[in-house]
Amino acid sequence: MRGRAGVVLLVAVGLACLVVPLVSPYDPHLPDLRRALLPPDPEHWLGTDQLGRDLLTRTAAAGRTSLLVALAVTTLTTAVGAVSGAVAGLAGGVAERLLRLSATVALALPGLTLALALAGVLSPGYGTVLTALVPLGWVNCALVTRTATRQAASADHVLAARAIGASMPHLLRRAIGPHVAGAVLTVATADLSRTLIAVTSLSFLGVGLPPPQTDWGGMVSEATALLVTAPRLAVVPALALAVTGVALAVVVDARRPGP
Amino acid sequence: MTTVLLRRGAELLFALLALSLLVFLLTALAPGDPAEELLRRGGVQPSPESVAALRAELGLDRPLFARYLGWLGDVLRGDLGRSYADRSPVAAEIARRLPATLHLAGVAALVAAGLAVLVSLATALRPRSRLARAVALAAVAVSGVPPYVVGILLISLVAVALRALPTGGADGPGAVVLPAVTLGLAGAATLLRLLRADLGHAVRTPFVRLATAKGLRRRRVVVVHALRVAAPNAVTAAGVMLAELVTGAVVVETLFSWPGVGQLAVTAIRQRDLPVVQAYVLVTATAAVLALALAELCVAACDPRARRR
């Protein structure tokens with residue numbers, strides 16, 4: 001019930017972020033200093049920022065960037081994690097031990113600190129964000145996939161299918177895959193929630209994307225200097241990120257098996 | 001116990017080695033040559049000869065692995081190199097900034113632990129009550145929002161609208177309140193998420209039910225019986241939370257201009273001052289790794305079941 005509300009909210013935010021920059025008459029990146037810091041009025045629904053850019057358009061465009069980057073990172077980590085986890089779960093032996101070793105190291109290391117250092121050292125860009133977040137991000141998914149795969153592979157219906165001579169592709173597609181898919185999806189939503197926080201935190205610290213490209217974290221960071229005179233500039237993107245983050249967290253929580 | 005210690009020790013050593021290698025490799029990943037970067041700080045384009053001379057002086061012409069060993073030796077002796085920006089020793093600067101970060105993280109840990117213990121005690125016996133559900137939802141909500149967003153909302157409410165507390169800096173005793181609450185809320189959400197299921201399970205174990213059935217007061221049942229079952233996991237959760245506070249401090253320090261190591265690191269990143277960035281990552285990540293390892297050790301020491309894993 002609550003999970004469904006979260007999904008609806010997420011879809012609404014996502015649609016708004018996609019549609020608003022398309023229909024808005026303003027450019028999210030083009031400065032217009034004659035219109036700097038206008039209060040909200042019928043022309044600029046949320047007013048303009050210190051460079052005269054429409055706040056609503058800019059927040060939506062930044063949201064589109066935040067969500068797309070977070071989605072891209074999560075897709076990559078999920079793909080890497082699911083494949084390596086499935087291999088470790090099915091093959092066992094060396095593959096399994098290798099996964100466990102890298103997981104022990106990766107889980108012990110603080111992800112945000114290393115991502116910050118990597119992104120800070122490389123030049124800003126989409127590739128940098130991916131490089132900073134993927135290397136430690138796939139482990140969670142790999143571990144869950146490995147466990148789910150191993151459980152599924154030893155389940156009775158899989159044993160039965162193997163006994164009547166089902167081929168490996170068939171087993172993966174019809175018998176093991178469906179069992180693992182749910183677990184992978186659960187991890188992927190949790191990873192998406194974490195990634196969204198990480199991506200926007202990196203931009204907040206000024207190491208994410210090159211200007212004028214920006215996401216919600218970057219917008220908040222630009223606006224902190226004006227927090228006393230124009231709190232709107234920081235609060236609007238902060239609220240947008242908060243709503244998205246809460247909706248995502250609620251969906252994650254709903255997918256988690258209850259106590 | 002000894003085998004557990006040995007195995008965990010080996011794992012810890014391995015993680016720390018991997019960390020040191022990663023931190024060292026940051027220099028190799030960074031675009032540009034450190035010697036040229038250093039000389040260019042003077043404002044003029046250096047000649048190839050002076051670059052080559054400095055490369056030899058810094059040992060940059062040696063093979064990568066030899067440099068790593070040399071660097072690791074320096075680090076183990078407490079020498080974290082010199083800043084590109086002003087040639088001052090990095091270790092001294094980190095040591096000067098560390099108390100502020102520890103102050104912030106310490107107060108935040110108190111806030112987080114206080115909140116989490118209060119809430120879980122208040123809601124443990126009635127996990128389906130309205131209060132418990134509201135608190136659980138709040139913890140889920142906070143866990144989905146980055147700390148600086150919570151901080152921005154707190155600043156604009158408390159500092160800007162009510163003018164109750166300063167918006168940033170570290171002057172006066174009130175300055176720590178907002179940053180610590182911001183960081184502590186994130187910590188409390190982590191703790192609650194990790195503890196919620198545990199206390200729920202503990203309350204449903206037969207002997208806790210017996211305690212309720214024989215008429216003990218509710219507070220006594222939770223504090224004396226149920227809490228003890230959940231305690232080992234709480235220690236693990238505390239380790240996870242401490243690691244999160246130390247590494248998450250950078251964001252809160254940047255938002256509140258709190259003069260800690262995180263702020264130092266962000267400034268260093270903007271100036272491309274690599275040795276400072278390396279030192280920050282090394283110190284913070286080591287602290288986080290040790291916090292997790294210590295928590296695990298505590299659990300192994302007091303819970304015999306954990307040793308068998």
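Good morning. The model is predicted, so that local features need a pLDDT of at least 70 and side-chain atom pairs count only at pLDDT 80 or more, whereas totals for chains, interfaces and linings use all residues. Residues are numbered from 1 along each chain as its sequence is written, and chains are lettered from A and ligands numbered from 1 in the order in which they are written.

I begin with confidence. The model scores ipTM 0.86 and pTM 0.89. Chain A has a mean pLDDT of 89, with 99% of its residues at 70 or more; pLDDT is the predictor's confidence in each residue, from 0 to 100. Among the elements of chain A, the lowest mean, 86, belongs to helix H3 (residues 93-108) of chain A, and the highest, 94, to helix H2 (residues 55-91) of chain A. Chain B averages 85, and 97% of its residues score at least 70. In chain B, helix H13 (residues 304-307) has the lowest confidence, at a mean of 67, and H11(B) the highest, at 92.

Next, chain A. Its secondary structure comprises ten helices and zero strands; helices (H or I, at least four residues) and strands (E, at least two) are DSSP runs, numbered from the N terminus. The C-alpha trace of chain A spans about 75 × 40 × 35 Å along its principal axes. Of the 259 residues, 51% count as buried, meaning that 20 or more other C-beta atoms, placed from the backbone, lie within 10 Å of a residue's own. Of the contacts in chain A with a separation of 6 or more, 69% are between residues 24 or more positions apart; a contact requires C-beta atoms, placed from the backbone, within 7 Å.

A:Leu241 lies in helix H10 (residues 232-255) of chain A. Why does A:Leu241 count as buried? Because A:Leu241 has 30 C-beta neighbours inside 10 Å. Leaving aside residues up to four places away in sequence, A:Leu241 touches A:Thr200, A:Trp216 and B:Val149.

That last partner leads to the interface. Here 46 residues of chain B are in contact with 39 residues of chain A. The elements giving two or more residues to the chain B side include helix H1 (2-29), helix H7 (147-161) and helix H12 (274-302) of chain B. By class, that side has 33 nonpolar, ten polar and three charged residues. Nonpolar covers Ala, Val, Leu, Ile, Met, Phe, Trp, Tyr, Cys and Pro; charged covers Asp, Glu, Lys and Arg; the others, Gly among them, are polar.

Finally, helix packing in chain B. H8(B) and H10(B) pack with their axes 8 Å apart, at an angle of about 155 degrees; axes are lines fitted to C-alpha atoms, for helices over the stretch in contact, and angles run from 0 to 180 degrees between N-to-C directions. The two helices are therefore roughly antiparallel to each other, a term for angles over 145 degrees. The contact of H8(B) with H10(B) divides into 19 nonpolar, five polar and two charged residues.

H8(B) also packs against helix H5 (residues 90-124) of chain B, where the axes come within 7 Å and cross at roughly 35 degrees. Residues of H5(B) in this contact include B:Leu104 and B:Ala112, and those of H8(B) include B:Gly184 and B:Leu191. The contact of H5(B) with H8(B) has 20 nonpolar, three polar and no charged residues.

Notes:
Two residues are in contact if their C-beta atoms, placed from the backbone, lie within 7 Å. Angles under 35 degrees count as roughly parallel, over 145 as roughly antiparallel, 65 to 115 as roughly perpendicular and the rest as oblique. A residue is buried if 20 or more other C-beta atoms lie within 10 Å of its own, exposed if 12 or fewer, and partly exposed in between; C-beta atoms are placed from the backbone.
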